[in-house]
Amino acid sequence: MADKCSEGLLNGAVPGERGKQDKSVKRGNWGNQIEFVLTSVGYAVGLGNVWRFPYLCYRNGGGAFMFPYFIMLVFCGIPLFFMELSFGQFASQGCLGVWRVSPMFKGVGYGMMVVSTYIGIYYNVVICIAFYYFFVSMTRVLPWTYCSNPWNTPDCAGVLDGNLSGHAALNLTHLLNTTQKRTSPSEEYWRRYVLDLSDDIGNLGEVRLPLLGCLGVSWVVVFLCLIKGVKSSGKVVYFTATFPYVVLTILFVRGITLEGALTGIMYYLTPQWDKILNAKVWGDAASQIFYSLGCAWGGLITMASYNKFHNNCYRDSIIISITNCATSVYAGFVIFSILGFMANHLGVDVSKVADHGPGLAFVAYPEALTLLPISPLWSILFFFMLILLGLGTQFCLLETLVTAIVDEVGNEWIIRRKTFVTLGVAVAGFLLGVPLTTQAGIYWLLLMDNYAASFSLVIISCIMCVTIMYIYGHRNYFKDIEMMLGFPPPLFFQICWRFISPAIIFFILVFTVIQYRPISYNDYVYPTWAISIGFLMALSSVICIPIYAIYKVCRSEGDTLLERLKNATKASKDWGPALAEHRSGRYAPAFSPSTESNLEAQPLQPEKARSEAAAASPVQGSNGSAHSQDSRL
């Protein structure tokens, strides 16, 4: 008996509640809570933690940037993370099914699906490039070490060329200490060999077959890890979510032992307190928190939907959010210790070698690795870490789409064939990613990264916040959480959800609009038609919201527009906990099966009696309105 009680508490059951079946046999659940936490950490901790945060921190005042960063984490990041986890866990539905809470806003779920589709397409292309670098690093000498390769130009200036003449060395020093950007062997390898970059986004050129092959490998790996849904991916994350920290630690220990590492770390951490009064610093901090945690992608709702109903997602949200931000800070030490060593070796300022995005991952950091003894080993470790970081996010992106499709159809036929749905989505993702492996692929990849998942995510998150707090009703939602966790959300989170977090989200949106600059890649400026396509991609996810709202209002009952709006926004009859044993209180069925089976006297006209009883004593709905319960319950 004691063992059973302890098992119930470990599974997240509310203390003092009688034992209930807390598993969804139909949808499936995580094997245990460690699987969910590791999957969510793998989802939140991605490539941006390594190649974006350290550069943002360095550019926005070093250690001073940490202050607004953690302020935004506390007042926006953790509250939004907790909201999405509790939202998905309470309903045990993906990003579409949860909008039974207010059916008119189901377009928000479709918007999340569109965003996840865009990100899933280009994110796996980045992973495939990491796969390519991982494979080519398995050699005695890294191919981007010297300037003596067929793809190099006369302007290439390498520091390890064995035949470097005195004139060439003098020319290299001149290049490094002037405003002219140095053309390194790693940059020419990236631009002229790996990408074979074309001169324009409209000039696709040919498909780069090595990248296409690696793209196939990355999609096969993702599919195999998700072949049984969360049952298989939950086992894989024990490795994919933890091993990157082993690699980070190895690279950190190696980095801090190098000459010049301290200089790089000081560039990273030295606070410039005057910048803390700059609105751009606060905007960058808020944006980084928002995008880094994966809010409004639909992945958090999806992953939480496989939790047991009474799991303590409040605790999980704090653990995962803090782990994500701590990883970003830790990665900064790894990156800047190596960049400081490189700057010291070249005799230049750290700012000359600091970069972010693909430029850091595939140009600056690989070049720094060539200066280390046994450089192929460090290169293999670094790119293997990037692969694992990317896969952790990609798992959740694909599972978000598959879960939404399966939950929406909802019949036994598609549930039994979920593996084929996963295969279909993976094949479609591979085919849609093929154009990104052409000679102009990097242009399209950066276009999708800058527009497909930018301000649209902010709009989606803001509408979700307002819908739950003000249309469904904050009191209703707080009661739902109390039913699920055994305690209401803390007062701090109640205030953040209702006032502070929506205000910060709105600030991020305004900041994004004010700080907007047309996209460019190095010296290439995108043409107007390409930027227009970028805006169309951004609008394609947001436009789902008003289109579906209009459709739902038109299909709702009511003689006037106001009646239709009320009917379209109130919670549907099947909103609430997915399992019948959890539907207590205001979600309880009108007649429990046990009561009906024990009735000794049956009415002469049972249909009429039931309808009269329902009319006489309506059941209070989750949105405060009276309605009869779903007949299936």
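## The annotated binding site

In the unreviewed UniProt entry, the annotation "binding site" covers A44 and N49. Positions from UniProt are given in the numbering used here, with feature names shortened, and annotations may be inferred rather than shown by experiment. What you're looking at is a predicted model, where local features need pLDDT of at least 70 and side-chain atom pairs count only at pLDDT 80 or more, while totals for chains, interfaces and linings use all residues. Residues are numbered from 1 along each chain as its sequence is written, and side-chain values use heavy atoms, with hydrogens and water left out.

Let's start with A44, which sits in helix α2 (residues 33-44). N49 belongs to helix α3, residues 47-51. Helices here are DSSP runs of H or I with at least four residues (strands are runs of E with at least two), numbered from the N terminus.

## Around A44 and N49

Are these two buried or exposed? A44 is buried, at 3% relative accessible area, and N49 is buried too, at 2%. Buried means under 20% relative accessible area, exposed means over 50%, and partly exposed is in between, using a 1.4 Å probe and protein chains only.

Setting aside residues up to four places away in sequence, A44 touches N49, S292, L293 and N324. A contact means heavy atoms within 4.5 Å. With its own neighbours within four places left out, N49 is in contact with A44, P54, S292, N324, S328 and A331.

## Cysteines

How many disulfides are there? The count comes to one, where a disulfide is a pair of cysteine sulfur atoms within 2.5 Å. The partners are C147 and C156, with their sulfurs 1.9 Å apart. This link is left-handed, with -65 degrees about the S-S bond. Both C147 and C156 are buried.

C496, on the other hand, is in no disulfide; the nearest cysteine sulfur belongs to C76, 8.7 Å away. C496 is buried, with a relative accessible area of 0%. As for C544, that residue is buried at 18%.

## The second largest pocket

This pocket holds about 620 Å³ of space. It is lined by 24 residues, and the closest to its centre are P103, K552, S572, K573 and D574. Helices α17 (375-409), α24 (544-555) and α25 (561-569) each supply at least two residues of the lining.

On a 1 Å grid over the protein atoms alone, a pocket is an open set of points with protein on both sides within 12 Å along at least five of seven lines, and lining residues have an atom within 4 Å of a point. Grid points are joined across faces, edges and corners, and a volume is the space filled by probe spheres set on the points.

Technical notes
On a 1 Å grid over the protein atoms alone, a cavity is a set of points where a 1.4 Å probe fits but cannot get out, and a pocket is an open set with protein on both sides within 12 Å along at least five of seven lines; lining residues have an atom within 4 Å of a point.
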